[in-house]
Amino acid sequence: MRLYSNKRGQLALFVILGIIIVAGVVSYFIFRNYAFVSNIPEDFIPVYESYQNCISAETTRALGIAGAQGGRIYSESYSPGSDYAPYSSQLNFMGGAVPYWYYVSGNGLIKEQVPSKQIMQEDIATYLEDNLENCNFDSFYAQGMSINLDNIRARVDIQQTVVNVHVDSSFVVSREGESAEKNSFDVQLLSKFG
């Protein structure tokens, strides 16, 4: 009888310990935004929100370009056709090159160039790295703010119904001796691109 009560006591201890661990994990995820107080002055928050919106807009633009061009933003080299097979590797559609996923090359070989998900993610990330420095901060410059944006690196993760974007960049905002820096930005867009 005593052995049975020891096991019940140990089981109760493990159940209580499990509940404490689960409660701690849940509390961390619920209160993590409140626990880490931002050191960004209130006046500079709209600048960072504007940059976040610019990331969203440029990602939407990149997804549109990739969708219109067969999944690629930066198409591979053009392969012309021949007399035997007059088809090239791309279709000229309204001034834009849309690569064929499957075609017969000029020398009669069957070629397939379906972009993988990884290639599409890399194309979108490269597009963001090339274009995010062109975000419009004119209204903030008019308020006397100085904005320095350098070393933009983007990672894109295309899921079934969302596109996750993570941008690392040195983004410093300053005005009248006060400055703040934020180096990491995350954006999630609802999209059926995946």
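User: Does Thr 59 count as buried or exposed here?
Analyst: In this predicted model, Thr 59 has 0% relative accessibility, and because buried means under 20%, Thr 59 counts as buried.

User: Which element does Thr 59 lie in?
Analyst: Thr 59 lies in helix α2, the helix of residues 45–68, which packs on the sheet and touches β5, β6 and β7.

User: What lies 2.7 Å from a polar atom of the Thr 59 side chain?
Analyst: That is the backbone oxygen of Ile 55, 2.7 Å from a polar atom of the side chain of Thr 59.

User: And leaving aside neighbours within four places in sequence, which residues is Thr 59 in contact with?
Analyst: With those neighbours set aside, Thr 59 is in contact with Leu 128, Val 163, Val 165 and Leu 189. Two of these contacts are bridge partners of each other, since the partner of Val 163 in β7 is Leu 189, while Val 165 has Val 187 as its bridge partner in β7.

User: What's the strand order in that sheet?
Analyst: The sheet is open and has three strands in the order β5-β6-β7, paired in antiparallel fashion. The edge strands, each pairing on one side only, are β5 (146–158) and β7 (178–190), and neighbouring strands are turned by 15° against each other on average, with direction ignored.

User: How many bridges join β6 to β7?
Analyst: Twelve bridges join strand β6, residues 162–175, to β7, and the two run antiparallel. They form a hairpin with two residues between them, and Glu 176 in the turn has a positive phi of about 50°.

User: Back to the helices: what angle does α2 make with β7, and where does α3 lie?
Analyst: The direction of helix α2 makes about 35° with that of β7, whereas helix α3 (residues 117–131) lies across β5 and β6 and runs at about 170° to β5.

User: New topic: how many disulfides does the structure hold?
Analyst: The structure holds one disulfide, which joins Cys 54 to Cys 135 with an S to S distance of 1.9 Å. This pair links distant parts of the chain, as Cys 54 is in helix α2 and Cys 135 is in the loop between α3 and α4 (138–142), 81 residues apart.

User: Are those two cysteines buried or exposed?
Analyst: Cys 54 is buried, and Cys 135 is buried as well.

User: And why is the disulfide called left-handed?
Analyst: The torsion about the S-S bond of Cys 54 and Cys 135 is about -85°, so the disulfide is left-handed.

Key: Residues are numbered from 1 along each chain as its sequence is written. This is a predicted model: local features need pLDDT of at least 70, side-chain atom pairs count only at pLDDT 80 or more; totals for chains, interfaces and linings use all residues. Side-chain values use heavy atoms; hydrogens and water are left out. Helices (H or I, at least four residues) and strands (E, at least two) are DSSP runs, numbered from the N terminus. Axes are lines fitted to C-alpha atoms, for helices over the stretch in contact, and angles run from 0 to 180 degrees between N-to-C directions. Contact means heavy atoms within 4.5 Å. Buried means under 20% relative accessible area, exposed over 50%, partly exposed in between (1.4 Å probe, protein chains only). A polar contact is a pair of N or O atoms within 3.5 Å; within protein, one must be able to donate a hydrogen and the other to accept it, and residues adjacent in sequence count only if both atoms are side-chain atoms. A disulfide is a pair of cysteine sulfur atoms within 2.5 Å.
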